[in-house]
Amino acid sequence: HFKGENITMEEHQLFTKIWKFAEKILLYIGLFAVIGLIFAGYQLYSKSFERHNVRNIINVQQDPSIEEKWQLGYMSEIKGSPYVMIPLNSKHDYGQSYYSKSSSSARNFLFINSQNNEKHWLLNTNQYLITNFELLTDDTIDEQKKIVRAVLYKVVKSDTNNDEKLTNKDTLTIALSLPDGKAYKEILKDVDVFVGYRLVSKDTLLIVYQRNRIGYSANVKLS
């Protein structure tokens, strides 16, 4: 048996309004979903074509598709001396039809005497990667009277992890020079992690580092 139901005109109009309202809601939801997909696609497209800049990467293998340029970086004043130091950076451009990346890395330092214009390079080669340098000053002295006692360098000399690049992931060589960039000397080799340093006196430098998962400390005489 079937039971029949009588639907009034008012009920039919109410159902019609509800259905039309639901149609509008579904339309707006679909519209926002399409806009979201278009925006996400645009973001992915833009990122695939934008230029990426990185630091401290040198390719060991020669690649004709990588263009290398050389340029001087920003000048640093060496307090307590007439010298300034300027990094010599190598810049590699990786150009593709759909992607572009550039890397800039310090390979040497130029020291200039501001009084007589005498110039010299820190290293006699540009083959290494200098990942960082520190001007060693006595923290106990007033800021206006600080004197640079020495310059500390973190240097990557070889591709120790065999990824065909010189990067921060390779082992470090720690070196020192006089404030004028002369008397360059390597004091620690095969350093995995450079933890930190402290100038405990004007002539003594404390260095904490890690090698083969073992922590070490070393006192280095600056004079």
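## Close-up views of a predicted model

View 1. Strands (E, at least two residues) are DSSP runs numbered from the N terminus, as are helices (H or I, at least four residues). In a regular strand the side chains alternate between the two faces of the sheet. Because 6 of the 6 residues of E11 are buried, this strand is largely enclosed by the rest of the structure. This is a predicted model, in which local features need pLDDT of at least 70 and side-chain atom pairs count only at pLDDT 80 or more, whereas totals for chains, interfaces and linings use all residues. Residues are numbered from 1 along each chain as its sequence is written, and side-chain values use heavy atoms, with hydrogens and water left out.

**View 2. The strand partners of E11.** Strands E9 and E11 run antiparallel and are joined by 5 bridges (two strands pair if DSSP finds at least two bridges between them). Tyr 153 stands opposite Ala 175 in E11. E11 also pairs with E12 in the antiparallel sense, over 4 bridges, and Leu 172 has Val 191 in E12 as its bridge partner.

**View 3. Thr 131 and its surroundings.** Thr 131 lies in strand E8 and is buried, with a relative accessible area of 15%. When its neighbours within four places in sequence are left aside, Thr 131 is in contact with Asn 56, Lys 154, Val 156, Asn 168 and Leu 172 (contact means heavy atoms within 4.5 Å).

View 4. Rings of Phe, Tyr and Trp (its six-membered ring) pair if their centres lie within 6.5 Å, and planes under 30 degrees apart count as stacked, over 60 as edge-to-face and the rest as tilted. By this rule the count comes to 4 aromatic pairs. The rings of Phe 109 and Phe 133 have centres 5.1 Å apart and planes at 70°, so this pair is edge-to-face. Because Phe 109 lies in strand E6 (residues 100-113) and Phe 133 in strand E8 (residues 129-137), the pair ties together parts that are 24 residues apart in sequence. Phe 109 is buried at 2% relative accessibility, whereas Phe 133 is partly exposed at 24%. Tyr 153 and Tyr 184 form a tilted pair, with 6.0 Å from centre to centre and 55° between the planes. Tyr 153 is buried, with a relative accessible area of 0%, whereas Tyr 184 is partly exposed at 23%. Phe 109, Phe 133, Tyr 153 and Tyr 184 form one aromatic cluster.

View 5. The structure holds 2 salt bridges (a salt bridge is a side-chain nitrogen of Lys or Arg within 4 Å of a carboxyl oxygen of Asp or Glu). In one of them, the side chains of Lys 157 and Glu 186 meet at 2.8 Å, N to O. Because Lys 157 lies in the loop between E9 and strand E10 (165-166) and Glu 186 in strand E12, this pair ties together parts that are 29 residues apart in sequence. Glu 186 also forms a salt bridge with Lys 189, where the closest N and O atoms are 3.7 Å apart. Through shared partners, salt bridges join Lys 157, Glu 186 and Lys 189 into one network.

Conventions:
Buried means under 20% relative accessible area, exposed over 50%, partly exposed in between (1.4 Å probe, protein chains only).
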